[in-house]
Amino acid sequence: MRVFLYSELQRQIEKSGVGRAILHQRKALEANGVCCAERWQDADVVHINTVFPHSFFLAKKAKRHGIPVVYHAHSTKEDFRNSYVGSNLFASLFQRWIKLCYQQGTRIVTPSFYARSLLKQYGIEKKIHVISNGIALSEYQKDTAAGQRFRKQYGYKPQDQVILSVGMQICRKGILDFVQLAKAMPQYQFIWFGCTNLRFIGRKVRQAVLHPPKNLQFAGYVPKEQLQDAYSGCDLFLFPSYEETEGIVVLEALAMQIPVLLRRIPVYTEWLKESQDVYFAGDLQEFETKAAQILQGKLPDLTENGYHAVQKKDLPNVGKQLLRVYQSCME
């Protein structure tokens with residue numbers, strides 16, 4: 001079987017979760033012996049990951065030539081809101097557009113049951129398969145030397161307790177809450193990896209990024225290897241995002257077996273058990289309280305359970321699921 005994996009404007013999106021998901025798809029398919037075609041005309045199935053205009057027209061063109069299309073629904077109206085300047089104003093228009101795109105698929109794939117429920121609310125009636133974006137477990141293993149390298153690079157002392165978050169610098173990711181937590185907890189060090197063009201975010205986020213408290217570093221975008229160093233060297237992964245279709249960085253943190261504290265939103269609770277696999281918080285006060293309790297050893301260590309929860313999302317398993325969807329398209 002030959003599959004054409006397509007993403008429009010890959011260079012612009014490669015630092016985003018969608019960009020990471022596409023790389024994961026290629027690895028997942030290679031692990032199952034599936035050949036990735038160089039041209040859509042040579043493929044048995046076209047797998048589209050983006051919702052830009054050329055993606056839409058490629059889907060229509062492929063179907064006209066009798067090639068089935070799998071449309072990957074990474075984006076929703078809900079995670080488009082509170083992202084960039086003007087995103088809330090255009091959220092309803094965005095919903096209509098992505099619905100039009102996704103309906104071009106012979107099959108639709110989305111990374112969580114929560115995301116599937118949103119798509120169904122939009123009135124999409126096509127078959128929707130839930131397949132995780134996945135994680136290369138073998139590539140994400142805690143390394144003491146890597147953790148020390150991270151701490152040295154960012155000026156942390158051995159006794160410092162470091163709270164890490166990863167994501168685009170947008171309101172939806174909870175970046176303003178992260179800043180507030182840093183201000184409220186000066187005894188801990190905070191660091192945020194990920195970047196966004198400051199011209200396209202709101203004034204509050206821009207000011208927060210440009211003028212952080214002394215115990216907070218905005219480290220920008222770094223290669224995967226440096227981020228793995230950070231996972232190895234931090235004491236807590238705190239992800240205050242308000243909306244996700246899955247959250248690849250959560251999979252990474254769980255795979256690295258570090259304590260994880262997440263916002264209590266539906267996308268996680270469908271597969272992670274509260275106070276068994278990870279800890280959840282609903283507001284700033286609960287984030288502050290639980291973060292301190294985790295770092296002080298007052299709450300049980302859940303990292304082993306968290307790792308077991310993410311094992312089923314290893315890329316070879318993801319590839320098997322994708323292969324079944326492709327085969328169903330061709331029947």
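Which residues make a nonpolar surface patch of about 340 Å²? Leu89, Phe90 and Leu93 make this patch. The model is predicted, with local features requiring pLDDT of at least 70 and side-chain atom pairs counting only at pLDDT 80 or more, while totals for chains, interfaces and linings use all residues. Residues are numbered from 1 along each chain as its sequence is written, and side-chain values use heavy atoms, leaving out hydrogens and water.

**Surface patches**

- Patches consist of residues with over 30% relative accessible area and no salt bridge, with like charges joined within 9 Å and nonpolar side chains (Val, Leu, Ile, Met, Phe, Trp, Tyr) within 5 Å. A salt bridge is a side-chain nitrogen of Lys or Arg within 4 Å of a carboxyl oxygen of Asp or Glu.
- Phe90 is found in the loop between α4 (77–80) and α5 (91–102), and Phe90 is partly exposed at 46% relative accessibility.
- A surface patch of positive charge gathers Lys60, Lys61, Lys63, Arg64 and Lys126.
- Lys61 belongs to helix α3 (residues 53–64) and is partly exposed, with a relative accessible area of 31%.

**Buried loop residues**

- Buried means under 20% relative accessible area, exposed over 50%, and partly exposed in between (1.4 Å probe, protein chains only).
- Thr196 lies in the loop between β8 (189–193) and α9 (203–210) and is buried, with a relative accessible area of 12%.
- A polar atom of the Thr196 side chain lies 2.8 Å from the backbone nitrogen of Gln169.
- Gly247, in the loop between β10 (236–239) and α11 (248–255), is buried at 8% relative accessibility.
- Gly247 and Gly167 are 80 residues apart in sequence, and their C-alpha atoms are 9.4 Å apart in space.

Key:
Accessible areas come from the Shrake-Rupley method with a 1.4 Å probe; for residues, only the protein chains shown count as cover. Lys and Arg count as positive and Asp and Glu as negative; His and the chain ends are not counted. The place of a charge is taken as NZ of Lys, CZ of Arg, CG of Asp or CD of Glu. Helices (H or I, at least four residues) and strands (E, at least two) are DSSP runs, numbered from the N terminus. A polar contact is a pair of N or O atoms within 3.5 Å; within protein, one must be able to donate a hydrogen and the other to accept it, and residues adjacent in sequence count only if both atoms are side-chain atoms.
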